[in-house]
Amino acid sequence: MVEKKTPLDIATLARDLRTGHRAALARAITLVESRRSDHQALARELLQMLLPDTGKAVRVGITGSPGVGKSTTIDALGTYLIARGNKVAVLAVDPSSARSGGSILGDKTRMARLSASDAAFIRPSPSSGTLGGVAAKTREAMLLCEAAGFDVVLVETVGIGQSETAVCDMTDFFLALMLPGGGDELQGIKKGLVELADMIAINKADGDNLKRANITAADYRGALHILSPRSEHWHPPVVTYSALAGTGIAELWQKVLDHRKAMNACGEFAARRRYQQVKWMWSMLEQRMLARLRSEASVRARVKKIESEVADGHLTPALAAEAIMKLLH
């Protein structure tokens, strides 16, 4: 009986989600985040069903070191976008414990105005130790939000580790937030971060910080001149704004729209989306292979034996990797 009802349940969930039903969207994201194999199969079916309804949103990744004001920025930006008639989904990835898997999940409290709006959907998800602090299922959650009618998806990362690459591989625009500081602080800048950023925004440009913010912005502009941009059709701008005061938010968003227009005009927008889809496929394949190695008892036992042989120096890592590959055949 359960087997017969399952396709209907998924069809109903897809239908409810398309109408923008918030509870359906929350249930769908919970489904894709589940580690149960039967849930994962249903999630794949659901995503395939919803695929024609995805891809229309503006996808923006937002990163920056802890304390830079990511959540406050998203609250201000999201509120501004909703006032313009947009529907905003926020996928906020919280730091999670490597041991317990628990997470802080405090982002909703730092997005007070946005969380109170019916035109916003905020989903905190534990990163669960995933490289870059981006939840393993963030891509799927993004597609579900698009299918539910959200035309702007903001992905907030932990802001530590290698989140820059992970965010770039799933968004159209990568925004790096920085704090006002002296020129000396540029010595510690992560070159990779600046090279990947589509824009650098200096937060807290208000009051006594305003002059420092402008100096910092000038320093970053100088640094960008000696680095190669991601695209020859877009030179990353450096802007200043204040998330707390709400100043510069409109200008910040206009740059995102300008970038989208420029990328569409030269064909890079479609090319980047195609590249991301293929990269996502390979990423999922790697996850599935690792999951199989860990889930099948007989395979897991043999992998453990191979691990021991490598640790004891009886087997080279290269031969061990070849042996493990054969287990997947």
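Modeller: A nonpolar patch lies on the surface, made of Val-278, Met-281, Trp-282 and Leu-285, and together these residues have about 400 Å² of accessible area. Patch members have over 30% relative accessible area and no salt bridge; like charges are joined within 9 Å, and nonpolar side chains (Val, Leu, Ile, Met, Phe, Trp, Tyr) within 5 Å. Areas come from the Shrake-Rupley method with a 1.4 Å probe, and for residues only the protein chains shown count as cover.

This is a predicted model, in which local features need pLDDT of at least 70 and side-chain atom pairs count only at pLDDT 80 or more, while totals for chains, interfaces and linings use all residues. Residues are numbered from 1 along each chain as its sequence is written, and side-chain values use heavy atoms, with hydrogens and water left out.

Helices (H or I, at least four residues) and strands (E, at least two) are DSSP runs, numbered from the N terminus. Trp-282 counts as partly exposed because its relative accessibility is 48%. The cut-offs are under 20% relative accessible area for buried and over 50% for exposed, with partly exposed in between (1.4 Å probe, protein chains only).

A salt bridge here is a side-chain nitrogen of Lys or Arg within 4 Å of a carboxyl oxygen of Asp or Glu. Asp-172 and Arg-273 are both buried. With Arg-260 they are linked in a network of salt bridges.

The whole structure has 13 salt bridges. Among them is one between the side chains of Arg-15 and Asp-16 (3.6 Å, N to O). Another joins the side chains of Glu-33 and Arg-123 (3.2 Å, N to O). This pair also links distant parts of the chain: Glu-33 belongs to helix α2 and Arg-123 to strand β3 (residues 120-126), 90 residues apart. Glu-33 is partly exposed at a relative accessible area of 29%, whereas Arg-123 is buried at 14%.

Helix α2 (residues 22-33) has twelve residues and spans 17 Å from its first C-alpha to its last, close to the 16 Å expected at 1.5 Å a residue. The expected span is 1.5 Å times one less than the number of residues. Buried in α2 are Ala-24, Leu-25, Ala-28, Ile-29, Leu-31 and Val-32. Seen down the axis of α2, these buried residues fall within an arc of 155°, so they line one face of the helix. The arc is that of the directions from the helix axis to the C-beta atoms. An α-helix has 3.6 residues a turn, so residues three or four places apart point the same way.

Helix α3 (residues 37-50) has buried residues too: Leu-42, Ala-43, Leu-46, Leu-47 and Leu-50. They fall within an arc of 140° seen down the axis of α3, so they line one face. On the other side of α3, Ser-37 and Gln-48 are exposed.

Turning to the strands, β5 (residues 173-178) runs parallel to β6 (residues 199-202), and four bridges join them. Two strands pair if DSSP finds at least two bridges between them. Leu-175 has Met-199 of β6 as its bridge partner. β6 also pairs with strand β7 (residues 238-240) in the parallel sense, over three bridges, and there Ile-200 stands opposite Val-238. From β6, Met-199 and Ala-201 point one way and Ile-200 and Ile-202 the other, and all are buried. In a regular strand the side chains alternate between the two faces of the sheet.

Strand β4 (residues 152-156) is mostly covered, with five of its five residues buried. Val-152, Leu-154 and Glu-156 lie on one side of β4, and Val-153 and Val-155 on the other. Five bridges join β4 to strand β1 (residues 58-63), and the two run parallel; Glu-156 is the bridge partner of Ile-62.
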